[in-house]
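Reader: I would like to go through this model with you. Could we begin with a single residue and then widen the view?

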Amino acid sequence: MDCDDEVMLTVRITAAERALLRDLARGHGGDLSGVAVDGLLEVIPSLHDDGSVLPLLRVLARPAPFAVTLWLPAPVADLLPLLGERLVRTGGPAAGPASAALSAALRLWLAGDRAVLAAGLARLHGGCGPLPESADGGAGRVRVAA
């Protein structure tokens, strides 16, 4: 995928969420961004109305000291401002609605049971094992900062 087809966003997550994301990514080629996209595709469809956004607001209320930069396919990133607008309408943060929506949706997905998340990823990828690494080994696509 060309860089023009991806959008870079930074999310705020906890140390435990970061460790879980890294662990899940290790089982799928080490691509944090790819695993995050898979999680978003699993969680975003369940957020179909303002009432379903309340769990996102609860997730956002908890402190998240770590920043993780992710690359998302443009069509997935295009969904986030819509979710961000819904968050703002229901009392969420007004600044950076796409990034806040990504953080909240990713954190909501990571709050699930580890085994269920891993099984969902395996099912999504047809049980074919790890995803192939990108040409740069994935190292250039993810930056984790404290």
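Reader: In which helix does Ser103 lie?

Author: Ser103 lies in helix H6, residues 97-110. Helices (H or I, at least four residues) and strands (E, at least two) are DSSP runs, numbered from the N terminus. This is a predicted model, in which local features need pLDDT of at least 70 and side-chain atom pairs count only at pLDDT 80 or more, while totals for chains, interfaces and linings use all residues. Residues are numbered from 1 along each chain as its sequence is written, and side-chain values use heavy atoms, with hydrogens and water left out.

Reader: Is Ser103 buried or exposed?

Author: Ser103 is buried, because its relative accessible area is 5%. Buried means under 20% relative accessible area, exposed over 50%, and partly exposed in between (1.4 Å probe, protein chains only).

Reader: What does the side chain of Ser103 reach?

Author: The backbone nitrogen of Arg12, at 3.1 Å. Leaving aside residues up to four places away in sequence, Ser103 touches Thr10, Val11, Arg12 and Leu60; contact means heavy atoms within 4.5 Å.

Reader: Turning to the core, which residues touch the most other members of the largest nonpolar one?

Author: Leu70, Leu72, Leu106 and Trp109 do, out of 36 residues in that core. Its largest share, 8 residues, comes from H6. A nonpolar core is a set of buried Ala, Val, Leu, Ile, Met, Phe, Trp, Tyr and Cys residues joined through side-chain atoms within 4.5 Å.

Reader: And what does Leu70 touch?

Author: Not counting residues up to four places away in sequence, its partners include Val7, Leu32, Leu102 and Leu106.

Reader: How many helices and strands does the chain have?

Author: There are 7 helices and 3 strands, following the pattern β-α-α-α-β-α-α-α-α-β along the sequence. Of the 146 residues, 45% count as buried.

Reader: Which elements have the lowest and the highest mean pLDDT?

Author: Strand E3 (residues 143-145) has the lowest, 35, and helix H1 (residues 15-26) the highest, 94. pLDDT is the predictor's confidence in each residue, from 0 to 100. The chain averages 78, and 79% of the residues score at least 70.

Reader: Where does pLDDT stay under 50?

Author: Over residues 128-146, for which the model has 32 contacts beyond four places in sequence.

Methods. A polar contact is a pair of N or O atoms within 3.5 Å; within protein, one must be able to donate a hydrogen and the other to accept it, and residues adjacent in sequence count only if both atoms are side-chain atoms.
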